[in-house]
Amino acid sequence: MRLRFFLAVMAGASAATAAPQRPIVIKFSHVVAVDTPKGRAAEFFQRRARELTGGRVEVEVYPDSTLYRDKEEIEALQLGAVQMLAPSLSKFGPVGVNEFEVFDLPFIFSDYDDLRKVTEGPVGKSLLQKLESKGLRGLAFWDNGFKAFSASKPLRKLEDYRGLKIRIQCSAVLDAQMRALGALPQVMAFSEVYPALEAGVVEAAENPISNIFTQRMHEVQKHIALTWHGYLGYAIVVNKRFWDGLPTDVRGELEQAMREATAYANRLAMEKNDQDLARLKAAGTTEVYALTREERLALKKALIPVHGHMQGRIGKQLIQSIYQATSFDPDAL
Ligand code: LMR
């Protein structure tokens with residue numbers, strides 16, 4: 001009897017002095033600099049996740065390809081070596097979800113309002129659902145912005161693109177886009193772009209200004225054409241098994257942190273791209289120019305046929321549903 005009492009007291013004592021529970025760790029890997037829309041939004045999510053869960057969740061952010069590069073990061077997520085990523089929408093083809101390449105169609109969105117109609121509507125929702133069969137859960141879309149071309153020579157007229165070696169992300173739509181311009185696309189991980197531009201392995205690239213500036217691409221590219229010919233954004237994805245295994249209350253708090261981070265990311269993206277454009281111009285290493293109305297129209301005419309060519313890969317229905325959501329008419333040029 002005494003022994004039982006002694007054991008009960010000891011058990012109570014050890015429960016009272018038990019070490020605090022170790023936090024649930026979410027490794028969040030990405031490939032861009034800290035001071036970018038995605039980099040800042042990842043840190044915002046990290047902070048809100050800690051606050052809202054009262055420290056039960058610790059998000060570890062690994063920026064700038066320090067943990068994984070483009071292709072490896074998605075494999076790592078599927079294997080559970082990391083729990084959260086924010087790959088660009090152009091990088092889901094290799095996962096087997098080609099439909100995400102619809103976002104790469106040149107000139108498909110005229111502005112952020114158009115884009116929101118898709119990402120915040122039924123089309124965006126059904127796209128995220130397609131990730132489930134790949135062991136992923138899509139939580140949100142985050143903006144970066146509209147893309148400019150950087151190059152070693154001026155890019156004003158269509159002829160300027162002919163024979164130009166241009167780095168692209170791993171998207172068949174981007175490949176078709178560059179070929180429609182007579183350029184030579186080359187798929188390359190983001191971390192390799194700066195050295196490849198510096199060495200002249202490729203002569204040009206496309207990205208929103210915040211990526212060009214924070215990777216210092218303007219130091220090795222003499223020209224930047226503000227073409228705004230396409231959009232680059234992100235899908236925030238988690239390992240589905242990990243996410244479903246979280247305690248319900250924790251998952252709810254993380255969903256709230258993600259909602260807040262998404263609003264923050266999308267607010268910041270526009271601001272950051274404008275800020276970095278001013279900084280890039282002030283750096284004085286690169287000639288930055290906007291296209292004339294005619295030059296932009298010529299580019300648009302050359303690129304819109306890509307929409308038709310890509311129907312077989314990403315689905316006519318999907319493209320049509322975006323046209324409907326945004327009132328886009330590919331024939332009205
Ligand atoms: C790129 O590879 O150019 C971009 O996807 C990088 C990024 O994540 O913004």
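Predicted model: local features only at pLDDT ≥ 70, side-chain atom pairs only at ≥ 80, totals over all residues.
Trainee: Why is F103 called buried?

Mentor: Buried means under 20% relative accessible area, exposed means over 50%, and partly exposed is in between (1.4 Å probe, protein chains only). F103 has 1% relative accessibility, so it counts as buried.

Trainee: Which residues is F103 in contact with, leaving aside its neighbours within four places in sequence?

Mentor: With contact taken as heavy atoms within 4.5 Å, the partners of F103 are L89, F109, L115, V118, T119, L127, F141 and Y231.

Trainee: What makes a set of residues a nonpolar core, and which members of the largest one touch the most others?

Mentor: A core is a set of buried Ala, Val, Leu, Ile, Met, Phe, Trp, Tyr and Cys residues joined through side-chain atoms within 4.5 Å. In the largest, with 57 residues, F100, V102, F103, L105 and F109 touch the most other members. Beyond its neighbours within four places in sequence, F100 is in contact with L89, F92, L127, L128, L131, F141 and A235. A second, separate core has 44 residues, F44, V202, I212 and L246 among them.

Trainee: F107 is in the loop between strand 3 (84–85) and helix 4 (112–119) too. What is its phi, and is F107 buried or exposed?

Mentor: Phi of F107 is near 60°, a positive value in a residue other than glycine. Most residues other than glycine have a negative phi. F107 is at 5% relative accessibility and therefore counts as buried.

Trainee: D64 also has a positive phi, about 55°, without being a glycine. Why does D64 count as partly exposed?

Mentor: D64 has 38% relative accessibility, so it falls in the partly exposed class. This residue lies in the loop between strand 2 (57–62) and helix 3 (70–79).

Trainee: How do you know that the buried residues of helix 14 line one face?

Mentor: In helix 14 (residues 316–326), the buried ones are L318, I319, I322, Y323 and T326. Down the helix axis they fall within an arc of 140°, so they line one face; that arc is the one of the directions from the helix axis to the C-beta atoms. An α-helix has 3.6 residues a turn, so residues three or four places apart point the same way.

Trainee: What covers that buried side, and which exposed residues does the opposite face carry?

Mentor: The cover includes helix 4, helix 5 (122–129), helix 12 (305–309) and helix 13 (311–314). The face turned away carries the exposed residues Q317 and Q324. Just after helix 14, S327 takes a positive phi of about 55°.

Trainee: How many helices and strands does the whole chain have, and what share of it is buried?

Mentor: The protein chain has 14 helices and eleven strands, and 51% of its 333 residues count as buried. Among contacts between residues at least 6 apart in sequence, 77% join residues at least 24 apart. The C-alpha trace spans about 95 × 45 × 30 Å along its principal axes.

Conventions
Residues numbered from 1 in each chain as written. Heavy atoms only, no water. Helix = DSSP H or I, 4+ residues; strand = E, 2+ residues; numbered from the N terminus.
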